[in-house]
Amino acid sequence: MEKKLQIYNTLTRKKEEFKPLNPDHVGMYVCGPTVYGDGHLGHARPAITFDVLYRLLLSQGYKVRYVRNITDVGHLEHDADDGEDKIAKKAKLEQLEPMEVAQYYTNRYHTAMERLNVLPPSIEPHASGHIIEQIEYIKKIIDAGFAYESQGSVYFDVEKYNSRHHYGKLSGRNIDELLETTRQLDGQDEKRRSVDFALWKKAQPEHIMHWPSPWSDGFPGWHLECSAMGTKYLGEQFDIHGGGIDLVFPHHECEIAQSTAALGHETVRYWMHNNMITINGQKMGKSLGNFITLDEFFNGTSPLLTQAYSPMTIRFFILQAHYRSTVDFSNEALLASQKGLERLEEACARLARLTPSATTTVDIQGLRQRCEEAIADDLNTPIVISHLFDAAKAINTIHDGKATISADDLDELRSVFHTFVEDILGLRIGTAADNNSEAYSKAIDLLLSIRQQAKANKDWPTSDRIRNELTEMGFTIKDTKDGFEWKL
Ligand code: ZN
């Protein structure tokens, strides 16, 4: 596929032609999960959004180094009651090594990602494994004069930084407004200004996750890990940095400030952010009582759900909206997506079994180009899906014998479906239209025609056995007036 892509850059607030620093290589960093709890929908959306971008860049022939971190230091998520970090708290309660807790949730996250068919990144660095790099980064910021030590902690001097650069350029905020709104936050006695953020925090005695540093035994500030690990693996300048829109401020704003302070320039060329997920029109949150984990979606065990939804239904549902719009999860919307995905799967199964004729009487001209244009237009997945549904209608007409398709056009149609449905949208289709599954489809057809013959001969044991065993394997078999239909 041609190397062509327009992406919306949060920093410039407009769509831009994507031009990587190196014409053949792309460096891409996405903020990964904080591992302290079970994966939820909020984790699924950035993972799927940037998975599609990763898959597209690979399809366009780029070599991509995709870095997605694991935040396992746990300093971010404090319990409101005692301010203790959650990994440390769980570790103490259950007499576990903190890394056991982090590993447990990392494994669960990986399983959920695998089920959602999200490709693993090229590098998945852990914050806890890059303490030295983070300490070195802090030293650079101190040397440049944009950070100060206070009682064993180190803070970024936002006001001083803002006098030379623009703090707030990504989120569109300004420092006066921030000084106004952050005045009342706690722990600011050590700081010169309420807007200053921690680069290093001295650990309290109850903290069990801490590391030695020139300033104190403590732990790095959250924003720092992405600056340090992004630079370590992608260089002082790289192409794309992504994450959820909730990370624009303060996380990504602080990353820009840190790299500009430490290196003298910004590191990221294109900032991309996916929008949020709501549930029945409400923001999702534990306190709102509408928090659904990915496992609960897959098993249907949440009281908010009327049934289980397959990982591919969740993926398809997320892709049916543009990544920059909000997505609202409701049972009705998920059911509609499930039906839509079934229709697409049926078309894929039929496509694998169509036989060519001499001529083509359906309009599938330009399908590939339309799909390519849509995906290259800032990842417009809903438009790609609508083009695929149009093609599915054509497939059904041919399947019903009301139209025909030539051998060349059939090959092209199968190739477009393979590229877009499986490679780029990343939908796992049971009986997908490729050469391997063609043989597999023919084998199932053969079994079912033997069953038909058995039925005609009134050989009920053979006929029942084929039907029952295929059903047990997960096939749905339907007898039609001129034969049979099946799907997995
Ligand atoms: Zn980050």
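Two strands pair if DSSP finds at least two bridges between them; helices (H or I, at least four residues) and strands (E, at least two) are DSSP runs, numbered from the N terminus. This is a predicted model, in which local features need pLDDT of at least 70 and side-chain atom pairs count only at pLDDT 80 or more, while totals for chains, interfaces and linings use all residues. Residues are numbered from 1 along each chain as its sequence is written, and side-chain values use heavy atoms, with hydrogens and water left out.

Q: What is the strand order of the open sheet of three strands?
A: The order is β12-β11-β13, and the pairing is mixed.

Q: What makes β12 and β13 edge strands?
A: β12 (282-283) and β13 (327-329) each pair on one side only.

Q: How do you know that β11 and β12 pair?
A: Strand β11 (residues 277-279) is joined to β12 by two bridges, and the two run antiparallel. The definition asks for at least two bridges, so the pairing holds. I279 has Q282 of β12 as its bridge partner.

Q: In which sense does β3 pair with β4, and over how many bridges?
A: Strand β3 (residues 25-30) and strand β4 (residues 63-68) are parallel, with six bridges. H25 stands opposite K63 in β4. Three bridges also join β3 to strand β9 (residues 238-244), again in parallel, and there V30 is partnered with G242.

Q: Why is β3 called mostly covered?
A: Five of its six residues are buried, where buried means under 20% relative accessible area, exposed over 50% and partly exposed in between (1.4 Å probe, protein chains only).

Q: Why is the pair of F156 and F197 called stacked?
A: Rings of Phe, Tyr and Trp (its six-membered ring) pair if their centres lie within 6.5 Å; planes under 30 degrees apart count as stacked, over 60 as edge-to-face and the rest as tilted. By this rule there are 14 aromatic pairs. The centres of F156 and F197 are 4.8 Å apart and their planes lie at 10 degrees, so the pair is stacked. F156 is in strand β6 (residues 153-156) and F197 in strand β7 (residues 197-202), so the pair ties together parts 41 residues apart in sequence. Both F156 and F197 are buried.

Q: Why is the pair of F316 and F389 edge-to-face?
A: With ring centres 6.4 Å apart and planes at 85 degrees, the pair of F316 and F389 is edge-to-face. F316 belongs to helix α10 (residues 311-319) and F389 to helix α13 (residues 381-399), so parts 73 residues apart in sequence are tied together.

Q: How do you know whether F316 and F389 are buried or exposed?
A: F316 has 0% relative accessibility and counts as buried. F389 has a relative accessible area of 14%, so F389 is buried as well.

Q: What makes R343 a charge over the ring of F389?
A: A charge sits over a ring if NZ of Lys or CZ of Arg is within 6 Å of the ring centre and within 35 degrees of the ring normal. The charged end of R343 is 4.5 Å from the centre of the F389 ring and sits over it. R324 likewise lies over the face of Y8, 4.1 Å from the ring centre.

Q: Which atoms are the protein donors of the zinc ion?
A: Donors are N, O and S atoms within 2.8 Å of the metal (3.2 Å for Na, K and Ca); water is not among the atoms, so sites may look incomplete. C31 (SG), C226 (SG) and H251 (NE2) lie 2.0 to 2.1 Å from the zinc ion. Both C226 and H251 are buried.
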